[in-house]
Amino acid sequence: MELTPPGPRGIPPLFARLVDDSALFPPGEASMPEALRAHFASRAGEHSGVLGVFLCQASRLPELITELIKIKPKEPLPLSLIIDTGLGGVPKAISIVESRSEILSLRMVEMPAPSDVDEVWLERVSEFVPEDVIRVVEPRRGVGWLDGVRKVIEHGSWPKIRCGGKAGENFPSVDEVADFLAVVSGSTGASFKATNSLHRAVRHTEESSGFTHHGFLNLIVASARCLSGGDVRAALESTDGAALAAEAKGMSEPAAKAVRGLFASYAAASFDEPVADLGELGLL
């Protein structure tokens, strides 16, 4: 079967706007000028169609605005606002962004959920964030976390799954990821976002830390199998890049769009790494 028809600038729909830019966050923790310089270079580059929104903490909005005024971008920066100031700080942060519409375009607001994923809290999130902005809420993994994922979806937000971090417990097991996918795909019209440690396309063990990292291509293929009734766990466990790439290439355009309707995007500290992996696998 043929590769799905081109998306933006010749990008297959399966990978269009897949990678959100989290250069400001660990492990990269770039300075604001460095992060913005690299982001705009990627946005002007050959694979710009793979690039999604720029992630910035609410607490760093003044710094972001100062740098953007210097840069004078031709178009407003597509922004995902990461709430690190508590729910009460959301209205002010959104107001600041909206007052700078010539340089900022608010597309997404992301925040961690309280441990119990309280219904009243979720309703306030819905009230604070404009209807045309995507709300992304991260329930903490642990006992009952899938109930939290369901509540997030019921309130019209995207659940977020953290796929790694600095400690072993930050990496969800294959079973946990599969269970998460089952819940989201079982909810009509629901989408999710992933974050952390998805730098590479294919599942691998990092020599320096010994941690086994999930691959974003594994997640894409697992999402496809989730929708078609295939073996999700086998897709998540696979380290065979060629086989995963072949399965991705074989998706029809409707299948690719359905997959991305489910797995909407993920945050990566480096844009070059995922693009290089997709290129090596013959997917771009």
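Reader: Which residues form one aromatic cluster?

Author: This is a predicted model, in which local features need pLDDT of at least 70 and side-chain atom pairs count only at pLDDT 80 or more, while totals for chains, interfaces and linings use all residues. Residues are numbered from 1 along each chain as its sequence is written, and side-chain values use heavy atoms, with hydrogens and water left out. Rings of Phe, Tyr and Trp (its six-membered ring) pair if their centres lie within 6.5 Å, and planes under 30 degrees apart count as stacked, over 60 as edge-to-face and the rest as tilted. The one cluster is formed by Trp-145, Phe-180, Phe-192, Phe-216, Phe-263 and Tyr-266.

Reader: At what angle do the planes of the rings of Trp-145 and Phe-180 stand?

Author: The structure holds six aromatic pairs. The rings of Trp-145 and Phe-180 have centres 5.8 Å apart, and they count as stacked because the angle between their planes is 10°.

Reader: How many residues apart in sequence are the parts that the pair of Trp-145 and Phe-180 ties together?

Author: Trp-145 belongs to helix H5 (residues 145-154), whereas Phe-180 belongs to helix H6 (residues 174-185). Helices (H or I, at least four residues) and strands (E, at least two) are DSSP runs, numbered from the N terminus.

Reader: Does Phe-180 count as buried or exposed, and what is its relative accessibility?

Author: A residue is buried under 20% relative accessible area, exposed over 50% and partly exposed in between, using a 1.4 Å probe and protein chains only. Trp-145 has a relative accessible area of 8%, so it is buried. Phe-180 likewise counts as buried, since its relative accessibility is 1%.

Reader: How many residues apart are Phe-180 and Phe-192, which are in distant parts of the chain?

Author: Phe-180 and Phe-192 form an edge-to-face pair, with 5.3 Å from centre to centre and 90° between the planes. This pair links Phe-180 in helix H6 with Phe-192 in strand S7, and the two are apart by 12 residues.

Reader: Which residues of H7 make the contact with H6?

Author: Axes are lines fitted to C-alpha atoms, for helices over the stretch in contact, and angles run from 0 to 180 degrees between N-to-C directions; angles under 35 degrees count as roughly parallel, over 145 as roughly antiparallel, 65 to 115 as roughly perpendicular and the rest as oblique. The axes of H6 and helix H7 (residues 216-228) come within 10 Å and cross at roughly 50°, which makes H6 oblique to H7. Contact means heavy atoms within 4.5 Å. H6 contributes Val-177, Leu-181, Ala-182 and Ser-185, and from H7 come Leu-219, Ala-222, Ser-223, Cys-226 and Leu-227.

Reader: Which residue in S2 is the bridge partner of Asp-21?

Author: Two strands pair if DSSP finds at least two bridges between them. Strand S1 (residues 19-21) and strand S2 (residues 51-57) run parallel and are joined over two bridges. Val-19 stands opposite Leu-51 in S2, while the bridge partner of Asp-21 is Phe-54.

Reader: How many of the residues of S4 are buried?

Author: Strand S2 is mostly covered, with seven of its seven residues buried. S4, which runs parallel to S3 and is joined to it by six bridges, is also mostly covered, and the number of buried residues among its nine is seven.

Reader: Where is the place of Pro-27?

Author: Pro-26 and Pro-27 are joined by a cis peptide bond, with omega of about 5°. Glu-29, which has a positive phi of about 50° although it is not a glycine, lies in the loop between S1 and H1. The place of Pro-27 is likewise in the loop between S1 and H1.
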